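Please keep the structure in view while I talk.

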Amino acid sequence: MAGMACLRICIEHGARSVTLDGVTPAKIDKVASGYIDVNWRAPRRHGRVGPGAYVLIDPSAETLNGEELRQMAAELQVHLFGTQGQQDLCMLTFEGDEEQVLKFTTLPEEELLAMRGGAEPPPPEGRTRIVSQDGIRELAPWGSTPRVAAEQEKVEAPPVRLGWRGVYSLPSQRFEAAQVQSFLKPGEAEPQSDADFMDRDLQALDRAVAALEGDPRLKAWVGVRLWTVARGGLRDTCRERFAAIPPSVRERLGAMVYDAPRDLPFSAIGPLRDLVQPYFARVGLCVNDPGFYVQALPDALVHCVVFQLPEEDEKARVLKAHRFLSARGQYVTRSLRMGLAGVKTPRELELARKMGAHMVKGPMISALFATPVSDQVVPVTELPLRT
């Protein structure tokens with residue numbers, strides 16, 4: 001049986017008819033819709049059924065993953081309110097049969113706020129949870145006694161496995177750098193917490209620094225998660241590690257900031273300028289939405305914008321790559337390079353070449369190597385690089 005739930009966005013003091021700290025009801029819906037569209041991926045389905053109300057369906061699960069919902073709440077909080085708000089945003093989810101799920105979509109916001117404040121939800125029966133950036137709290141299921149949430153066993157994070165892929169320049173037909181990246185074995189789960197993401201990225205940074213110290217001819221990119229540097233609790237650790245990068249390495253090392261949303265939040269601009277730019281030769285932005293709003297990107301903040309192709313069928317990937325690259329004129333005007341990441345097929349590579357992408361990477365460009373790819377000329381017809 002597929003897991004089905006209604007998700008309601010709940011804002012402290014209510015925000016459906018007023019502006020709260022510069023956040024309008026329209027922006028709440030726009031940001032939440034864009035975020036869910038990118039992160040609730042096929043074969044899962046979703047749909048907006050009202051202001052701040054979404055139906056989520058997971059055909060492979062009987063119930064929705066509470067930890068994933070908590071992470072969604074935390075990231076939407078940052079998208080909307082930055083890192084300063086404590087409990088401005090939370091989500092209420094209701095799981096039950098289809099008829100009752102749809103009833104939950106029409107509950108007045110006053111009742112949602114009352115539930116958030118401690119009031120028991122009204123009937124009918126189902127499972128109601130309050131999800132905030134700090135955790136998950138089960139409410140009494142509608143029309144029944146309180147449900148005690150079972151303690152989930154802490155899943156031990158898999159060891160970090162690192163490899164190198166070449167970053168290829170299409171105009172010059174040469175490998176201009178290498179990017180160190182983690183990879184998972186089949187069945188292994190992605191990191192769940194912000195701290196897990198940070199630990200993985202810092203291990204990759206250490207590997208890149210060691211490689212560049214050992215060979216002064218190499219150039220490399222490392223991944224930096226946007227929400228790691230945007231959140232106050234993790235910034236000090238990042239700043240300390242970034243500041244320790246030797247100057248001789250720093251001039252050959254770029255930071256590819258990933259998990260950037262469609263509309264870069266204002267609260268992330270300061271950390272990118274103050275925490276990332278000073279310690280890396282170049283800063284790139286890796287986005288998951290082909291309609292990334294480049295017009296709002298501040299001047300001189302990043303060197304390039306790379307679209308990460310999704311794990312979907314080739315037709316969907318090509319359509320999204322085409323949409324992203326169709327905005328090339330806007331990027332050229334802003335002196336920004338464009339790239340595609342995760343390129344898997346000759347068709348995707350050819351599209352990138354014809355539409356003027358500057359850089360590409362992925363299995364169709366190079367294999368995953370144990371050591372960095374050196375600067376070398378390789379005709380596009382001879383890709384992927386395998387030795």
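The lining of the largest cavity divides by class into nine nonpolar residues, two polar ones and one charged one, where Ala, Val, Leu, Ile, Met, Phe, Trp, Tyr, Cys and Pro count as nonpolar, Asp, Glu, Lys and Arg as charged, and the others, Gly among them, as polar. This is a predicted model, so local features need pLDDT of at least 70 and side-chain atom pairs count only at pLDDT 80 or more, while totals for chains, interfaces and linings use all residues. Residues are numbered from 1 along each chain as its sequence is written, and side-chain values use heavy atoms, with hydrogens and water left out.

What do I mean by a cavity and by a pocket? On a 1 Å grid over the protein atoms alone, a cavity is a set of points where a 1.4 Å probe fits but cannot get out, whereas a pocket is an open set with protein on both sides within 12 Å along at least five of seven lines, and in either case lining residues have an atom within 4 Å of a point. Grid points are joined across faces, edges and corners, and a volume is the space filled by probe spheres set on the points.

With that rule there are two cavities of 30 Å³ or more, and the largest has a volume of about 80 Å³. Among the residues lining this largest cavity are M198, D201, L202, L205, F242 and F280. Helix α5 (194–214) gives the most to this lining, with four residues; helices and strands here are DSSP runs, H or I of at least four residues for helices and E of at least two for strands, numbered from the N terminus.

The second largest cavity holds about 30 Å³ of space, and its lining, which includes E176, R217, K219 and D375, divides into three nonpolar, one polar and four charged residues.

Turning to the open spaces, the largest pocket holds about 1,900 Å³, and of the 47 residues that line this pocket, the closest to its centre are R41, E190, R200, D259 and Q308. Strand β8 gives the most to the pocket lining, with five residues, and by class the lining has 19 nonpolar, 12 polar and 16 charged residues.

How many salt bridges are there? The count comes to 13, taking a salt bridge as a side-chain nitrogen of Lys or Arg within 4 Å of a carboxyl oxygen of Asp or Glu. One of them joins E176 to R337, with the closest N and O atoms 3.2 Å apart, and this pair links distant parts of the chain, since E176 is in strand β8 (residues 174–183) and R337 in strand β13 (residues 337–341), 161 residues apart. R337 is buried, with a relative accessible area of 16%; buried means under 20%, exposed over 50%, and partly exposed in between, using a 1.4 Å probe and protein chains only.

Another salt bridge joins R334 and D299 at 3.1 Å, N to O. R334 lies in the loop between α11 and β13 and D299 in the loop between β11 and β12, so the pair ties together parts that are 35 residues apart in sequence. Of these two, R334 is partly exposed at 24%, whereas D299 is exposed at 57%.

Finally, E350, R353 and K354 are linked in a network of salt bridges.
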